[in-house]
Amino acid sequence: MPAVTETLDTVSAVTQSGYKWGFETTIEMDLAPKGLNEDIIRLISARKEEPDWLLEWRLKAFAAWQQMAEPHWARVDHPRIDYQDLHYYAAPKKKAGPKSLDEVDPELLRTYEKLGIPLKERAILAGVEGADGPQSNIAMDAVFDSVSVATTFRSTLMKAGVIFCPISEAVRDYPELVQQYLGTVVPMADNFFAALNSAVFTDGSFCYVPKGVRCPMELSTYFRINARNTGQFERTLIIADAGSYVSYLEGCTAPQRDENQLHAAVVELIAMDDAQIKYSTVQNWYPGDANGRGGIYNFVTKRGACRGARSKISWTQVETGSAITWKYPSCVLMGDDSVGEFYSVAVTNNHQQADTGSKMIHIGRNTKSTIVSKGISAGKSNNTYRGLVRMLPKAAGARNYTQCDSLLIGDQCGAHTVPYIESRNPTAKVEHEATTSKIADDQLFYCRSRGLSEEDAVNLIVNGFCKDVLKELPMEFAVEAQKLLAVSLEGSVG
Amino acid sequence: MNAPIATGVPAFLARFEGLRTRLPGDPAPRLAAAEVLRTLGLPGRRNEAWHYTNLRPIEDAAFSEPLTALRDSGMLLARVPHIGTRLVFVDGRFRVDLSDTPPAIFRPFAMHARFGDLAQPAREPLVALNTMLAEDGAIITLPNDADGGTITLVSLATEAPGRTTAFHPRHQIRVAAGARLTLVEVALGTGTYLHNPVTEIAVEDGATLTHVRLQDESPSAYHLATLYSSVAASGTYDSFTLTLGGRLSRTEIHATLTGAGAIAHLNAAQILTGIQHADFTSVVRHAAPNGTSRQTVKNVLAGSSRGVFQGRIEVARDAQKTDGYQMNQALLLSPDAEVNSKPELEIFADDVKCSHGATVGELDAEQLFYLRSRGVPASEARAILVRAFLSEAIEAVAHDDARAMLERAVSDWWEQHPA
Amino acid sequence: MLDIRGLAASINDTPILKGIDLTVPQGEVHAIMGPNGSGKSTLAYVLSGREGYEVTSGSVTYDGKDLLAIEPEDRAAAGVFLAFQYPVELPGVGNANFLRTALNAQRRARGEAELDAVQFLKLARGELRRLAIAEDMLKRNVNVGFSGGEKKRNEVLQMAILRPRLAILDETDSGLDIDALKIVAEGVNALRGPDFSALVITHYQRLLDHIVPDRVHVLAGGRILRSGGPELARELEAKGYTDMVAEAA
């Protein structure tokens with residue numbers, strides 16, 4: 001029997017008023033005129049005081065973008081995006097870059113407090129009043145619309161030799177590093193959205209961890225879209241030099257609006273010999289209302305290059321937001337014995353559409369990859385897992401294990417799986433499993449007969465379903481993620 | 001000066017022009033099909049469903065009409081086991097002289113040309129090609145509750161020196177309510193040719209069709225088969241395809257479960273070597289509740305061969321209590337072999353049990369050593385393990401003679417290509 | 001009949017056997033005992049010809065032949081049998097079919113007449129009866145779904161049918177209860193005779209209560225530390241490996 005009516009009602013009550021991050025911040029903004037052309041790109045580059053080489057790079061990307069066509073092979077349906085009808089630069093007027101916290105517009109600080117994101121380091125240690133989010137020991141780069149507004153704990157990190165700053169700053173202060181690595185994992189012409197991003201990206205995080213250093217704290221960036229009719233294009237670049245380790249968290253929210261907003265980010269990760277990068281995302285962009293109006297279009301290219309031997313890159317994500325999600329965090333396993341991991345929970349409700357998954361490209365010998373993807377569909381949503389496991393001829397002894405499971409709540413939604421498996425080496429082993437299920441009536445009844453409410457029962461079962469993924473998240477995020485899951489699927493509002 | 005030889009679609013369209021008046025049946029569907037072919041052309045890499053299989057060789061070849069078969073196909077025919085009532089087609093044309101007495105339920109397409117409504121020529125260029133040029137085929141119609149026994153359809157292609165021929169048989173099988181039939185199909189040939197059959201199968205309420213297919217075409221042939229089946233309430237369509245031959249082959253099977261409790265098995269095994277490329281694409285659509293589907297496909301790839309498996313399970317909103325299972329395994333026997341696998345699930349109903357699994361690997365070293373340590377020579381040990389790998393798929397074939405035919409075909413293959 | 005001289009072997013460039021000298025005359029049963037990691041299984045695998053082991057020096061002569069130069073299936077035909085510690089499963093391969101294929105392959109290699117299905121079944125049934133193993137074991141797939149005890153029984157059945165002249169038992173007793181252990185012992189003892197030799201590799205002494213060896217060797221750190229009669233096994237049991245290794249150092 002399909003899910004009982006009460007469960008359906010519970011679930012559908014969700015996004016009426018469930019998105020508690022939907023408020024807007026009134027603050028003076030410096031907005032570039034709408035439209036996308038060379039002048040806008042020059043304007044962006046000038047505002048950020050960029051060196052010539054970067055402007056050239058942007059212009060090349062723009063030229064490439066103009067030759068490309070929007071991709072339409074994913075199982076997502078959306079009206080044509082008018083790329084000329086967006087502002088490509090929006091920054092809080094007072095400061096065009098991160099300064100000391102005293103100089104940040106107090107309105108902004110209040111915004112982050114409301115979101116539960118502590119920016120004052122003292123506040124971090126003391127615990128911000130009413131904050132739910134990550135507490136101490138996390139260095140944070142806060143990005144508001146197109147710019148980074150504050151980065152905490154920078155001096156502590158500098159002592160360890162770790163560079164963590166907005167990419168706009170890194171371009172000025174560490175140009176050789178940026179130039180050496182930018183665009184080497186996701187080339188500017190890799191795909192339509194990557195090319196767009198390369199042309200108009202405004203900010204994002206840059207991190208470099210030197211040889212042998214275990215980054216002393218977790219790094220994170222919190223992205224907040226605020227201005228209307230803007231596109232968000234951040235660019236993140238993380239380099240872990242030989243023998244180093246860094247754990248990075250990414251969080252995102254946006255105000256509740258009727259129009260769709262575009263978010264096209266690019267994340268490049270590079271791990272050298274024996275280095276490890278752990279990249280966790282809790283994505284909660286505004287998903288649109290119960291009728292599918294509004295919501296963020298989340299088109300992201302994320303790729304990690306395991307360049308060194310025995311290097312490791314892990315992607316962990318909990319995706320509950322955005323009207324449309326199109327992202328495939330990938331690992332290119334070049335170094336022998338390198339490891340790629342992808343753990344994901346993707347929830348869709350109402351009219352959300354997600355087409356997400358991972359690509360693992362095995363090039364080196366004895367490389368290993370693990371993909372665990374849990375999709376939960378509810379309402380009238382569509383949730384697709386799309387993955388690629390490719391074993392190239394030299395990938396002797398390579399191993400992949402993929403598990404993708406779908407949980408359907410209600411009979412109006414869809415769950416789809418489209419894995420591509422390509423192997424050109426006989427000693428490479430690929431194992432793939434996928435299952436589809438629902439929350440069974442007898443499971444629900446069992447929980448309720450033991451005293452749990454229907455809501456609690458659904459929550460418990462969903463958590464059990466996602467257990468394998470949630471345990472990969474850094475502790476602070478795990479708690480937030482579980483809460484997010486509960487909110488996305490239940491009627492309770494925080 | 002020689003005029004450039006037309007190849008691919010233009011050549012087929014030209015041939016249609018030449019043959020039009022002589023082709024049997026209503027010309028309207030043929031004309032519509034020609035239009036589709038003219039507009040769409042053959043499927044290319046951009047077509048998602050043809051992502052892994054390249055039809056360039058067909059685009060580049062100039063196919064001619066088969067000659068009225070003068071050559072003796074006796075040698076080829078001798079290789080075909082005689083199971084049930086044997087009906088023989090040579091180069092796509094029914095040969096009453098080489099066949100057993102045709103049963104009443106059989107009529108050749110050449111005499112009774114009728115296109116069914118299951119095939120989709122408007123969407124599939126190869127089906128349009130067949131609709132345009134089909135000359136003959138088997139039309140088998142069983143009345144209610146009839147037991148059709150076992151019928152073997154044999155397709156032989158004879159070598160025509162200097163000519164690359166193409167033929168497009170059109171088959172229709174209808175098993176009415178409560179009836180049963182076992183249909184064995186064997187395809188053999190010599191030389192280079194294109195065999196492009198389209199088969200439309202209707203299994204009605206409570207009826208059963210067991211379909212065992214052996215594709216052992218010539219190593220330089222092109223075999224592009226498309227089958228559409230529709231299974232009504234409590235009906236069963238149980239099919240198994242063994243692919244051994246052909247330079248480039250694709251078997252595309254669609255099964256739609258239209259009635260409650262319908263069952264469809266689309267199982268297959270492909271054993272390839274050399275430069276063979278074989279693609280097995282299957283789509284099961286659950287349109288009604290309580291349906292059961294199984295797709296177990298095994299690929300054994302040696303030499304520089306390439307095996308492709310694309311399998312989709314689609315479950316419609318109303319198809320609750322569907323039980324769909326798909327398992328695809330590939331064994332790579334050489335470092336130059338390649339496998340591409342895309343097992344898909346498209347689920348819109350929540351009370352279902354759907355799963356798929358896929359594995360790729362090589363023969364297990366531990367198992368090989370165990371056999372050798374007991375005295376079994378290396379190549380025989382490999383043969384035992386490959387046969388064991390395939391047995392799960394072949395054992396599913398219930399019909400004893402048909403299964404024996406498949407097992408012998410596998411043994412023969414191994415003897416000719418000891419790895 | 002088995003003469004091992006200065007045998008050294010490595011796995012992935014790590015030396016495991018560091019110079020083994022051992023002679024097993026025809027008709028004798030020798031036990032090899034040692035702590036974990038001493039190289040016991042390595043010795044068994046090198047003798048049976050498994051891949052992944054590199055012999056870096058030394059020689060192994062069996063029946064006057066250079067054993068290391070022969071392929072695994074030819075060693076089997078020459079009468080070598082390795083009873084595995086963890087017998088692998090062969091899904092889809094019927095037990096009866098497997099045994100008959102192996103037996104006939106060996107007979108063919110030796111120039112003997114092969115057995116047809118009827119003859120084989122008669123032979124197999126006789127051995128099954130003797131070993132008190134249910135006939136349905138023949139119908140199952142090799143080791144698939146077999147319990148630990150059943151797998152060992154299957155190894156013993158194979159020995160009874162293939163009749164090796166040198167049996168190497170690699171920790172056959174690990175994880176067995178006393179009943180299964182007895183079956184293994186009976187299987188080996190039934191083969192004992194002037195034409196049969198065995199190397200019983202074990203960690204514990206209790207198997208040797210049932211298969212009484214002619215000689216016992218202690219293997220530690222890739223070398224044979226001490227050799228002696230059956231009483232050496234009891235001494236080892238009483239002292240433990242650590243002390244004995246320390247004494248020998």
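Helix 2 of chain B passes helix 5 of chain B in a left-handed crossing (left-handed if the near helix is turned anticlockwise from the far one by less than a right angle, right-handed if clockwise). The model is predicted: local features need pLDDT of at least 70, side-chain atom pairs count only at pLDDT 80 or more, and totals for chains, interfaces and linings use all residues. Residues are numbered from 1 along each chain as its sequence is written, while chains are lettered from A and ligands numbered from 1 in the order in which they are written. Helices (H or I, at least four residues) and strands (E, at least two) are DSSP runs, numbered from the N terminus.

The axes of helix 2 and helix 5 (residues 125–133) of chain B come within 8 Å and cross at roughly 140 degrees. Axes here are lines fitted to C-alpha atoms, for helices over the stretch in contact, and angles run from 0 to 180 degrees between N-to-C directions. From helix 2 of chain B, the contact takes in Pro29(B), Arg30(B), Ala33(B), Ala34(B), Val36(B), Leu37(B) and Leu40(B). Helix 5 of chain B answers with Pro125(B), Ala128(B), Leu129(B), Thr131(B) and Met132(B). Residues count as in contact if their C-beta atoms, placed from the backbone, lie within 7 Å. By class, this contact has 10 nonpolar residues, one polar and one charged. Ala, Val, Leu, Ile, Met, Phe, Trp, Tyr, Cys and Pro count as nonpolar, Asp, Glu, Lys and Arg as charged, and the others, Gly among them, as polar.

Helix 2 (residues 27–40) of chain B also packs with helix 1 (residues 8–19) of chain B. The angle is about 160 degrees, and the axes lie 10 Å apart. Helix 1 of chain B is therefore roughly antiparallel to helix 2 of chain B. Angles under 35 degrees count as roughly parallel, over 145 as roughly antiparallel, 65 to 115 as roughly perpendicular and the rest as oblique. The crossing of helix 1 and helix 2 of chain B is left-handed. Val9(B), Phe12(B), Leu13(B) and Phe16(B) of helix 1 of chain B meet Ala34(B), Leu37(B) and Arg38(B) of helix 2 of chain B. Six of these contact residues are nonpolar, none is polar and one is charged.

Chain B is assigned domain 1 (8–258) and domain 2 (364–419); the bounds come from an automatic or database domain assignment. The domain centres, taken over C-alpha atoms, are 30 Å apart. In chain B, 11 residues of domain 1 are in contact with 10 residues of domain 2. On the domain 1 side, strand 8 (180–189), strand 11 (208–216) and strand 13 (236–243) of chain B each give two or more residues. Strand 11 of chain B gives the most, with four residues. The domain 1 side divides into eight nonpolar, two polar and one charged.

Chain B touches chain A through 32 residues, in contact with 31 residues of chain A. Strand 20 (338–347) and strand 21 (353–361) of chain B each supply at least two residues of this side. Strand 20 of chain B gives the most, with 10 residues. The side of chain B that touches chain A has 14 nonpolar, nine polar and nine charged residues.

Toward chain C, 18 residues of chain B are in contact with 19 residues of chain C. Helix 6 (365–373) and helix 7 (378–394) of chain B each supply at least two residues here. This side of chain B has nine nonpolar, four polar and five charged residues.

In chain C, the axes of helix 4 and helix 5 (residues 148–162) come within 10 Å and cross at roughly 130 degrees. The two helices of chain C are therefore oblique to each other. Their crossing is right-handed. Helix 4 of chain C contributes Leu123(C), Ala124(C), Glu127(C), Leu128(C) and Leu131(C). Helix 5 of chain C contributes Val156(C), Leu157(C), Ala160(C) and Ile161(C). This contact has eight nonpolar, no polar and one charged residues. Helix 4 of chain C is followed by Ala132(C), whose phi is positive, near 55 degrees.

Conventions
Contact = placed C-beta atoms within 7 Å.
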